[in-house]
Amino acid sequence: MNDPTTGVVKSAERTLAILELLTRHEEPLTFTAIAQALRYPRSSLHGLLRTLVERGWAEFDPGGRCYSLGLRTLEAGNAYTRTLGLVERALPLMERIRDTIDETVQLAVLDGLHNVYVAKVDGRQTLTLASEVGRRLPAHATGVGKVLLAGLRHDDLDARLPAEPLPAFTRHTVTDKARLLGQLRTVARRGFAVDNEEYTLGIRCVAVPVYDVSRRTVAALSVSVPAIRCTPAHRENAHRLLAEAAHRLSAALGYGRQHRTPAQTQGV
């Protein structure tokens, strides 16, 4: 049924809400969990889930009696990044950084209060990271996430952040909203962010923004380094390489060459 006052099609809105719910949860969800989260009539929810499964947008595990995202969502995500040209333009630049310093390089975009990794190239060094392509991590606890949050308008950022403390993942995670906002202002001013073991103990990173033609921050590039190897000189070298790559990638996305990114003019 349509709402004539808003033009919203209820079934379409509910279908999208199911996909958004499955996207936010890394673990599959049971029918009961989905019903409790969305509070839709059970008969309608059964029909919507059946349609999503039949069309490949969701998968149903009969053993666990639970639902997860289907293959079509991966196809849609790949089509989106191909349309934007972000990943295919970024990968050669990321590989060049990796080949120079032999560290892991990542590219992420923002989704709500999470950063989503859309590309990653691994160094040969032994390094265990929580990131992988398609993985969502809390933006307040990562370098790429803080870069992406710092690129938002102040009113948008303030509205997204909850008043209550944010989740802590290590003793270094910034959980206080006021303190985080102060950090993000610093990130916006100097053009880069750091993650000092804030999501994973023993892992540090430096991240820089990528801009589009409208001068918006559309992505973030980062280099992750084990804390034991993260000397000031190594981090500064990683930051320099990232700044150069981000400048090239931003230019490829239409950002005017006359606009120099802050990361190019500031030291770590």
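1. Which residue of β7 is the bridge partner of L107? The partner is A119, and strand β7 itself covers residues 114-121, where strands are DSSP runs of E with at least two residues and helices are runs of H or I with at least four residues, numbered from the N terminus.

2. Please keep in mind that this is a predicted model, in which local features need pLDDT of at least 70 and side-chain atom pairs count only at pLDDT 80 or more, while totals for chains, interfaces and linings use all residues. Residues are numbered from 1 along each chain as its sequence is written, and side-chain values use heavy atoms, with hydrogens and water left out.

3. Strand β6 (residues 104-111) runs antiparallel to β7 and is joined to it by seven bridges, two strands being counted as paired if DSSP finds at least two bridges between them. Two residues lie between the strands of this hairpin, in which G112 takes a positive phi near 65°.

4. β7 also pairs with strand β8 (residues 136-138), in the antiparallel sense and over three bridges; here H114 has P138 as its bridge partner. Six of the eight residues of β7 are buried, that is, under 20% relative accessible area with a 1.4 Å probe, protein chains only.

Key:
Buried means under 20% relative accessible area, exposed over 50%, partly exposed in between (1.4 Å probe, protein chains only).
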